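Me: I've got a model to look through with you. Can you put it up before I start asking?

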Amino acid sequence: MDKKKPIKVFVQGAIPPEKIANSIANHQSKTNIGAHSIFLGQIRADEIDGKTVSAINYSAYEEMAENVFHEIREAAFSKFDITCAHIYHSLGEVKTGEICLFVFTSSAHRKVAIEACNYFVEEIKANVPIFGKEIFEDETHQWKVNK
Amino acid sequence: MKVTVKYFGMIAESAGRTDEVLDVVSGTSAIELKDQQVQKYQIQDPESVQLAVNQNLDNKVELNEGDEVAFLPPFAGG
């Protein structure tokens, strides 16, 4: 697999658990890998001023976001000795309890896989122009800000 | 000269639109355009708004004909 090829990151709606299982299965033929690290972001039912979040509606400056994702990949491959890395992020509505971010890094050994996975998550949260509208159960909303 | 302006998230909500083409005076900087639009659309918490000119996060550049200027609220990915 060409690690430099731009890969589509955004998926419409929640990331299905089957996609995660399939990703693991797809790497079983790559026997130089000794460790995978996976991060899954899940929508939390935050309570804010007595109202409960029921979903987040994600939007993005897609053209810039795809470029930033690519830059993060390039930086990760130069910093870490990883075999491969996959990132998926939701657009549109994702309900509480569903998965909105899936980062999957693989390496010969665990330490590199874990550090690279963490690097991806922190970079994505800080630098990718993605916006989240938190929808409450009464259908009002507020805009999410990463801490 | 004409520049394309894009609005996202809560800024698009304040502006009531996601994009528009603006005719700006030659020599206008990104930060000046930001100030104008913040006033025009009553954009809240302007310090938290980042501008991307042709996808580069830089408020200080002078704008050129055909530039794409994006008004970005705080990021919330993940």
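Reply: Helices (H or I, at least four residues) and strands (E, at least two) are DSSP runs, numbered from the N terminus. The model is predicted, so local features need pLDDT of at least 70 and side-chain atom pairs count only at pLDDT 80 or more, while totals for chains, interfaces and linings use all residues. Residues are numbered from 1 along each chain as its sequence is written, and chains are lettered from A and ligands numbered from 1 in the order in which they are written.

Me: OK. Where does A:Leu101 sit?

Reply: A:Leu101 is in strand β6 of chain A, residues 99–107.

Me: Buried or exposed?

Reply: Buried, because 24 other C-beta atoms lie within 10 Å of A:Leu101. The cut-offs are 20 or more for buried and 12 or fewer for exposed, with partly exposed in between, using C-beta atoms placed from the backbone.

Me: What does A:Leu101 touch?

Reply: Leaving out residues up to four places away in sequence, A:Leu101 touches A:Leu40, A:Gly41, A:His89 and, in the other chain, B:Gly78. Touching, or contact, is C-beta atoms within 7 Å, again placed from the backbone. As for A:Asp81, 20 residues apart from A:Leu101 along the chain, the two C-alpha atoms are separated by 23 Å.

Me: How many residues of chain B are in contact with chain A?

Reply: 14 residues of chain B, against 20 residues of chain A. On the chain B side, α1 (9–15) and β5 (68–72) are the elements giving two or more residues. That side divides into nine nonpolar, four polar and one charged. Nonpolar is Ala, Val, Leu, Ile, Met, Phe, Trp, Tyr, Cys and Pro; charged is Asp, Glu, Lys and Arg; the others, Gly among them, are polar.

Me: And what is the fold order in chain B?

Reply: β-α-β-α-β-β-β from the N terminus on, which gives two helices and five strands. The C-alpha atoms fill a box of roughly 35 × 25 × 20 Å along the principal axes. Of the 78 residues in chain B, 32% are buried. Taking contacts in chain B between residues at least 6 apart in sequence, 55% join residues at least 24 apart.

Me: Back to chain A. At what angle do α2(A) and α3(A) cross?

Reply: Roughly 150°, with the axes of α2 (residues 62–79) and α3 (residues 110–127) coming within 10 Å. Axes are lines fitted to C-alpha atoms over the stretch in contact, with angles from 0 to 180 degrees between N-to-C directions. That crossing makes α2(A) roughly antiparallel to α3(A), a label for angles over 145 degrees.

Me: Which residues make the contact?

Reply: From α2(A), A:Val68, A:Ile72, A:Ala76 and A:Lys79; from α3(A), A:Ala116, A:Tyr119, A:Phe120, A:Glu123, A:Ile124 and A:Asn127. They divide into seven nonpolar, one polar and two charged.

Definitions and conventions
Contact = placed C-beta atoms within 7 Å. Parallel < 35°, antiparallel > 145°, perpendicular 65-115°, else oblique.
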